[in-house]
Amino acid sequence: METPGSRTDRFGLLLDQFDRAREMAEVRLIGLGDEEYLWEPAPGCWSLRRRGEAVTPRAFGPGDWVLDLGAPDIPANEYEEVARQAASGMSVEKIAEDWSVSVERVQEVLDHTGPLEPDRTPVTTIAWRLGHLHFEFAGAWEWAFGERRQDPKLMVDFSPSAAVTLERFWPVIDRWRESVGRMTEEQLDTVGFSQYPYGGDADEPYISVLWGANLEFIHHMAEIALLRDLWRARSDGAR
């Protein structure tokens, strides 16, 4: 049964999906405190750290606080995406550039025929997840609707305050959504409408980029929601 007021066209479905996910996420983040925001639930977490205290080789940010980022690799759950890129005609060199890895590493992935390797994605904090979404959506707007010149990794001054982060975060998300909502069908089908410098946006029609942005927002917010549940369970158990 169709929900009253819902849209069924391809653009409308993606917009409605994002709007619903955003509404759920905002409610889920009510009451987020600084200790929970920075809580590291396991050893070796990626998080938000003071410059000079980062535990990863490529931590980034323009200010006093930086977001952890490790050595580049292609995770096992992205092997099919690499194969799809190759099947679409992308050269091994271009794929390697997209993933910031060596040509040899891309070839290893393309030659992989056995079972997938265990997922070695690090555990991350809520601060890391929010920071990751923040700079990606800031950059997504800049490289589709803005001047297409600022490095996304230098656009967000990360903060150790949960309240400050959310105060800055939602306007960035809403600006991107407002600009997306004004797009024409022609723009949606334009390959390279987004020139976002990290990943394959420049080789995709924008409707595919929009689908990927929804997926990125939903899966990170779901992980944040789980971390909040674990924090609450931990706190309840300590009483």
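Which helices each supply at least two residues of the lining of the second largest pocket? Select α1 (10-28) and α9 (206-237) and you have them. Helices here are DSSP runs (H or I, at least four residues), numbered from the N terminus.

Before going on, a word on what you have open: this is a predicted model, where local features need pLDDT of at least 70 and side-chain atom pairs count only at pLDDT 80 or more, while totals for chains, interfaces and linings use all residues. Residues are numbered from 1 along each chain as its sequence is written, and side-chain values use heavy atoms, with hydrogens and water left out.

**Stop one: the pocket**

The second largest pocket has a volume of about 210 Å³. Of its 14 lining residues, pick A21, M24, A25, M221 and A222, the closest to its centre. (On a 1 Å grid over the protein atoms alone, a pocket is an open set of points with protein on both sides within 12 Å along at least five of seven lines; a cavity is a set where a 1.4 Å probe fits but cannot get out; lining residues have an atom within 4 Å of a point. Volume is the space filled by probe spheres set on the points.) Colour α9 next: it gives the most to this lining, with seven residues. By class, the lining has 10 nonpolar, one polar and three charged residues.

**Stop two: the cavity**

A search of the whole structure turns up one cavity of 30 Å³ or more, and about 60 Å³ of space lies in the largest cavity. To see its lining, select Y37, L48, G131, H134, V156, D157, F158, S159, T165 and R168. The elements giving two or more residues to that lining are α6 (126-142) and α7 (162-181).

**Stop three: α6 against α7**

Show these two helices alone. Their axes (lines fitted to C-alpha atoms over the stretch in contact, with angles from 0 to 180 degrees between N-to-C directions) come within 9 Å and cross at roughly 35 degrees.

**Last stop: an aromatic pair**

(Rings of Phe, Tyr and Trp, the last by its six-membered ring, pair if their centres lie within 6.5 Å; planes under 30 degrees apart are stacked, over 60 edge-to-face, the rest tilted.) F18 lies in α1 and F137 in α6, so the pair ties together parts 119 residues apart in sequence.

Terms used: Ala, Val, Leu, Ile, Met, Phe, Trp, Tyr, Cys and Pro count as nonpolar, Asp, Glu, Lys and Arg as charged, and the others, Gly among them, as polar.
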